[in-house]
Amino acid sequence: VDEPRGVVRLRTRTGFIRLAVRSGVPVLPMFVFGELDAVEAVRLLPRPLASWLKRTLRASSNGFVGRYGTPVPRRVPFNLVIGDPIATA
């Protein structure tokens, strides 16, 4: 809800990269365009409680609404882009 559209944040989510380096396997970068149009994030809790939940438990309190106001995603095209493997060894 508060993030700009299409922003990818990896600052604190690097465990998969550490695991790849430790295992000596390449990282395969991927991004899906269009998934933000399939559902809309809605705030379920008041902002102070949602912020506490996010800081303390690192959990999201957002719900998602898609087609006809249900959790079913809208029918929109997705474009999956797969980059070249990045060597870690």
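## Aromatic pair

Rings of Phe, Tyr and Trp count as a pair if their centres lie within 6.5 Å, and planes over 60 degrees apart make the pair edge-to-face. In this predicted model, the structure holds one aromatic pair. Its members are Phe31 and Phe33, whose ring centres are 4.9 Å apart and whose planes stand at 65 degrees, so the pair is edge-to-face.

Both residues are partly exposed: Phe31 has a relative accessible area of 28%, and Phe33 has one of 45%.

## Overall fold

Two helices and four strands make up the secondary structure of the protein. Their order along the sequence is α-β-β-α-β-β.

Of the contacts between residues at least 6 apart in sequence, 68% join residues at least 24 apart.

## Salt bridge

Side chains of opposite charge can pair when their charged atoms come close. A search of the whole structure finds one salt bridge. This salt bridge joins Glu40 and Arg74, with 3.7 Å between the closest N and O atoms. Glu40 belongs to strand 2 (residues 40-43), while Arg74 sits in the loop between strand 3 (62-65) and strand 4 (79-82), so the bridge ties together parts that are 34 residues apart in sequence.

Glu40 is partly exposed, at 46% relative accessibility. Arg74 is also partly exposed, at 30%.

## Surface and burial

The protein has 89 residues, and 9% of them are buried. Its accessible surface comes to about 7400 Å², and carbon and sulfur atoms account for 62% of that area.

Key: Residues numbered from 1 in each chain as written. Predicted model: local features only at pLDDT ≥ 70, side-chain atom pairs only at ≥ 80, totals over all residues. Heavy atoms only, no water. Buried < 20%, exposed > 50% of the residue type's maximum accessible area, 1.4 Å probe, protein only. Contact = heavy atoms within 4.5 Å. Areas by Shrake-Rupley, 256 points an atom, 1.4 Å probe, with all protein chains shown as cover. Phe/Tyr/Trp six-rings, centres within 6.5 Å; stacked < 30°, edge-to-face > 60°. Salt bridge = Lys/Arg side-chain N within 4 Å of Asp/Glu carboxyl O.
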